[in-house]
Amino acid sequence: MAADFNVTIPVFDNEYGSVDVDIIGQADISGSDEEFAKSVIETAIMGTAYEITKENKSYLTLADNKSRLEAEISASLQKNEIPCSGVTITGVDLTQKSREYVEEMKRMKGAAAMSPEEIARKMEEATRAAQEMADKLTPEERQKAEEEAKKMMQENEKKYNDIMAMVQSTHENNRPKFCPNCGTPNNGGKFCTNCGNEF
């Protein structure tokens, strides 16, 4: 019997803060309750993912350690007396929301790294290109383009405000979702409920 799993785990990344990663795969099990097997798999993934990202704190290391995740899942199933003939992880990737957040942060960091001269040059190039395009338009086309540009600016402003709100929220809630000392989930307190470690 194949037990498909799709586990979403929070990971603290040094560069991007808290991001969510989907780990997708399949375990070949026999003679066991599938729901129990899935709970064992989820626990194994969360514990192992925590250990993998503990040292360098990067979500990227999870994709590089598929075989370790598979081995730990298999060992955990066997330990819980769930016969397993193999585990295959087919995907390790950011959730859609976290992927969009990371891409936007990369874009913002790239823009922040530009010198004032580079920014001025790019603005000048964009202005020149826009003027050349506008000169070729009929009055009707120009009016339509202005309306579309206004709409696009409003959408971009909303998107920017949403991203800034998300960045602010991430900075305000910089406590890890799991204790960095023992891996116990953080229920919002200042100290770990298991080992007492201060977040």
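Which residue in β2 is the bridge partner of Phe12? Ser18 in β2 is the bridge partner of Phe12. Bear in mind that this is a predicted model, where local features need pLDDT of at least 70 and side-chain atom pairs count only at pLDDT 80 or more, while totals for chains, interfaces and linings use all residues. Residues are numbered from 1 along each chain as its sequence is written, and side-chain values use heavy atoms, with hydrogens and water left out.

**The hairpin**
- β1 (residues 2–13) and β2 (residues 17–29) run antiparallel and are joined by twelve bridges; strands are DSSP runs (E, at least two residues; helices are H or I, at least four), numbered from the N terminus, and two strands pair if DSSP finds at least two bridges between them.
- Three residues sit between β1 and β2 in this hairpin.
- On β1, the covered face includes Phe5, Val7 and Ile9, and the uncovered face includes Asp4, Asn6 and Thr8.

**The aromatic pair**
- The count comes to one aromatic pair (Phe, Tyr and Trp rings, the six-membered one for Trp, with centres within 6.5 Å; planes under 30 degrees apart are stacked, over 60 edge-to-face, the rest tilted).
- That pair is Tyr16 with Tyr59, tilted, at 6.5 Å centre to centre and 55° between the planes.
- Tyr16 lies in the loop between β1 and β2, and Tyr59 in the loop between α1 (34–54) and α2 (60–63), so the pair links distant parts of the chain, 43 residues apart.
- Tyr16 and Tyr59 are both buried (under 20% relative accessible area; exposed is over 50%, partly exposed in between, with a 1.4 Å probe and protein chains only).

**The cysteines**
- There are zero disulfides here (cysteine sulfur pairs within 2.5 Å).
- Cys84 is buried at 13% relative accessible area, whereas Cys195 is partly exposed at 35%.
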